[in-house]
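Subject: Structure for your review

Dear colleague,

Please find below the structure that I am handing over to you. My findings follow it, arranged so that you can check each one against the model.

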Amino acid sequence: MWTEKNNQLHRSFQFNDFSQAFAFMTRVALLAEQHNHHPYWTNVYNKVDIYLNTHDAGDVVTEKDHKLAAAIDALLPSTV
């Protein structure tokens with residue numbers, strides 16, 4: 001579930017291993033290019049944290065962030 005705090009949308013994702021986490025990040029990267037909206041994210045082994053805000057709007061959360069968050073969620077299997 002995405003949470004909004006400090007002018008950012010944030011969500012943590014956990015996978016079975018690094019390979020699955022990296023594959024997810026690759027899919028998100030392609031999606032972000034399509035949306036022309038690029039996240040700040042971190043990855044350690046099987047965990048990916050994504051932070052979204054809109055830099056052009058003064059680093060606040062906008063509809064653009066909510067749309068990308070929904071598109072990222074749509075990439076996930078129902079088990080994550």
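In this predicted model, β1 and β2 pair in the antiparallel sense, joined by three bridges. One of the residue pairs to look for is Thr3 with its bridge partner His10 in β2.

The sheet

Four strands make up an open sheet, in the order β1-β2-β4-β3, with antiparallel pairing. The edges are taken by β1 (3-5) and β3, each of which has a single partner strand, so one side of each has no neighbour in the sheet. From one strand to the next, the twist averages 20°.

The hairpin

β3 and β4 run antiparallel and are joined by five bridges; Asn43 stands opposite Val48 in β4. Together the two strands form a hairpin with two residues between them. Tyr45, in the turn, has a positive phi of about 50°. Which residues does Tyr45 touch, not counting those up to four places away in sequence? They are Asn16, Asp17, Phe18 and Ala21. Although Tyr45 and Asn16 are 29 residues apart in sequence, their C-alpha atoms are 9.3 Å apart in space.

The helices

Helix α1 comprises 18 residues (residues 18-35). At 1.5 Å a residue they should span 26 Å, and the end C-alpha atoms are 25 Å apart, which agrees. At the N-terminal end, Asp17 caps α1, with a side-chain oxygen 3.3 Å from the backbone nitrogen of Ser19. Just after the helix, Asn36 takes a positive phi of about 50°.

Which residues of α1 are buried? They are Ala21, Phe24, Met25, Val28, Leu31 and Ala32. Viewed down the axis of α1, the buried residues fall within an arc of 125°, so they line one face of the helix. On the face turned away from the buried side of α1 are the exposed residues Ser19, Leu30, Glu33 and Gln34.

The buried residues of α1 pack against β2 (8-14), β3 (40-44), β4 (47-52) and α2 (63-75). The direction of α1 makes about 165° with that of β3. Helix α2 lies across β1, β2 and β4, and runs at about 10° to β2.

Yours sincerely,
A colleague

Technical notes
Residues numbered from 1 in each chain as written. Predicted model: local features only at pLDDT ≥ 70, side-chain atom pairs only at ≥ 80, totals over all residues. Heavy atoms only, no water. Expected span 1.5 Å × (residues − 1). Buried < 20%, exposed > 50% of the residue type's maximum accessible area, 1.4 Å probe, protein only. Arc of directions from axis to C-beta. Contact = heavy atoms within 4.5 Å. Polar contact = N/O pair within 3.5 Å; in protein donor to acceptor, adjacent residues only side chain to side chain. Pairing = 2+ DSSP bridges. Axes fitted to C-alpha atoms, helices over the stretch in contact; angles between N-to-C directions.
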